[in-house]
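Subject: Structure handover and notes

Dear colleague,

Please find below the structure that I am handing over to you. My notes on what was found in it follow directly after.

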Amino acid sequence: MDAEQRILNAALKVFASEGYIGATTRRIAKEANVAEVTLFRKFRSKENLLREVLIKNRAVFSALDPLFIIEKDVDLSASLHALGQSIAHSMKEKELNGKYRMFMFMLLEEGKRRSEVAEILFSVYHMNVAHLSEYFEFQIKEGKMRNVDPRSAALTLISYFAHIYLLNGILGERFLYDMEAEFEGFIDIFANGILIEKEAKLGE
């Protein structure tokens with residue numbers, strides 16, 4: 001493993017355990033077994049290092065990535081259900097997800113205090129919302145979705161999974177007894193709503 005990757009791995013670990021302020025470049029360099037000057041030569045600042053950690057680990061931080069690789073002409077309902085199953089599988093990887101959840105907690109906490117951290121966090125969510133909005137806009141044009149605001153639909157979906165992901169890290173199985181069933185239930189509500197259609201009521 002080269003020095004750059006060791007630094008990125010060490011930064012993720014130290015940021016997650018110490019927070020943005022507590023994670024000194026000296027501590028990260030020591031964890032990576034490199035000289036501090038090497039860290040600055042490759043990344044120039046702690047802020048740049050944090051941003052690079054996010055970029056390199058985007059597939060892990062963004063649980064919505066599986067949806068983006070699905071072809072737009074694939075059945076919408078099937079795509080959403082596949083997304084829920086993929087996220088449920090990811091969340092079960094407790095050992096892998098532990099440090100990433102702690103890292104996300106750090107970003108949310110530090111984002112309140114430091115504008116540069118909030119900006120990095122914003123860029124991740126904005127990217128996901130933009131991609132998912134585009135996906136929903138395509139489905140609307142194809143007549144597979146109601147004519148709703150695609151960005152609102154994207155925010156709804158992202159907010160649910162992000163909230164559950166973080167809560168599961170705190171509460172564990174006490175909160176979600178059957179993750180797959182919970183996600184299937186949400187996707188059903190998201191796709192079909194909760195109101196009975198007027199036509200169905202009249203037919204009763």
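Accessible areas come from the Shrake-Rupley method with a 1.4 Å probe, and for residues only the protein chains shown count as cover. On that basis the protein chain exposes about 12,100 Å², of which carbon and sulfur atoms supply 53%. The model is a predicted one, in which local features need pLDDT of at least 70 and side-chain atom pairs count only at pLDDT 80 or more, while totals for chains, interfaces and linings use all residues. Residues are numbered from 1 along each chain as its sequence is written, and side-chain values use heavy atoms, with hydrogens and water left out.

The secondary structure of the protein chain comes to 12 helices and zero strands, where helices (H or I, at least four residues) and strands (E, at least two) are DSSP runs numbered from the N terminus. Of the 204 residues, 38% count as buried, a term that stands for under 20% relative accessible area, with exposed meaning over 50% and partly exposed what lies in between (1.4 Å probe, protein chains only). Among contacts (heavy atoms within 4.5 Å) between residues at least 6 apart in sequence, 65% join residues at least 24 apart.

The aromatic residues deserve a paragraph of their own. A search of the whole structure finds 10 aromatic pairs, counting rings of Phe, Tyr and Trp (its six-membered ring) whose centres lie within 6.5 Å, with planes under 30 degrees apart called stacked, over 60 edge-to-face and the rest tilted. Ring pairs link Tyr135, Phe136, Tyr160, Phe161, Phe183, Phe186 and Phe190 into a cluster.

Proline 150 is also found in helix H10. Leaving aside neighbours within four places in sequence, proline 150 is in contact with Ser133, Phe136, Glu137 and Ile140, and its C-alpha atom is separated by 9.3 Å from that of valine 129, 21 residues away along the chain.

Turning to charged side chains, the search finds five salt bridges in the whole structure, each being a side-chain nitrogen of Lys or Arg within 4 Å of a carboxyl oxygen of Asp or Glu. One of them joins glutamate 18 to arginine 27, with the closest N and O atoms 3.4 Å apart; glutamate 18 is partly exposed at 38% relative accessibility, and arginine 27 is partly exposed at 35%. Another brings together glutamate 109 and lysine 112 (3.6 Å, N to O), of which glutamate 109 is partly exposed at 33% and lysine 112 exposed at 64%. Lysine 141 and glutamate 137 meet in a salt bridge too (3.8 Å, N to O), and both lie in helix H9 (residues 115-141), four residues apart, about one turn of the helix. Here lysine 141 is exposed at 66% relative accessibility, whereas glutamate 137 is partly exposed at 38%.

With kind regards
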